Amino acid sequence: MDAERPLNGAARRAEQIFKFRPDGDGDMNEEAGIYARESSYLDRYVQFGEAQGRVLSLSFPNAPDDDAVADHALLDRIEEYLAGGEDDFADVTVALTVPTDRRGVLETVREIPYGEQVSVATLVQMTPEGDPDDEEDVRTARSALADNPAPLLIPDHRVRDGPSAAPAEVEQRLRSLEGL
């Protein structure tokens, strides 16, 4: 990466967290990168930052970062999903660097099956120690959804009356794709 150019959020996190990983020989290989591919279905790019096999963030920019690479197995899977293939991405590890209460909400969102949707109140009820009658729990859930670092992998578009971290037009296309 060019030392003169400031790092974007995902690249900065990738550099700060999990920068190196030992390989089978005990040597260190750099395992951080920014990956992006254009989606004709979304009419924008899908971009994510990864470090040590963990997704740090996923976004939908109009143009990718200059240093983004288009070749990655996860991008292949996302492309299949956007073409109508069913995938819950449950095996993809997302590095959640959020407060514990929000982490619980986002982990619960990952359990909502493909093609199903829940309300914010149901999501709060599904979340361990969540109480849908407690305004603070509802606010926490809505904040977690709005600040979701990896929409699509953490499918906030399946929460029908909650905010999404994805742009509105992307959220709507993801909902349409899953018949929601």
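Mentor: Let's start with a group. In this predicted model, Arg37, Asp76 and Glu79 are linked in a network of salt bridges.

Trainee: What counts as a salt bridge, and how many salt bridges does a search of the whole structure find?

Mentor: You look for a side-chain nitrogen of Lys or Arg within 4 Å of a carboxyl oxygen of Asp or Glu. Searching the whole structure turns up 9 salt bridges. Take arginine 37 and aspartate 76: their side chains meet at 2.9 Å, N to O. This pair links distant parts of the chain, with arginine 37 in strand β3 and aspartate 76 in helix α2, 39 residues apart.

Trainee: Is arginine 37 buried or partly exposed?

Mentor: Buried means under 20% relative accessible area. Arginine 37 has 16%, so it counts as buried. Aspartate 76 is partly exposed, at 35%.

Trainee: Where do glutamate 136 and arginine 139 lie?

Mentor: Both sit in helix α5, 3 residues apart, which is about one turn of the helix. Glutamate 136 is partly exposed at 43% relative accessibility, and arginine 139 is partly exposed at 46%.

Trainee: And which residue does glutamate 178 meet in a salt bridge?

Mentor: That's arginine 158, at 2.8 Å, N to O. Glutamate 178 lies in the segment after α6, and arginine 158 in the loop between α5 and α6, 20 residues apart. Glutamate 178 is buried, with a relative accessible area of 6%, and arginine 158 is buried at 2%.

Notes:
Residues numbered from 1 in each chain as written. Predicted model: local features only at pLDDT ≥ 70, side-chain atom pairs only at ≥ 80, totals over all residues. Heavy atoms only, no water. Helix = DSSP H or I, 4+ residues; strand = E, 2+ residues; numbered from the N terminus. Buried < 20%, exposed > 50% of the residue type's maximum accessible area, 1.4 Å probe, protein only.
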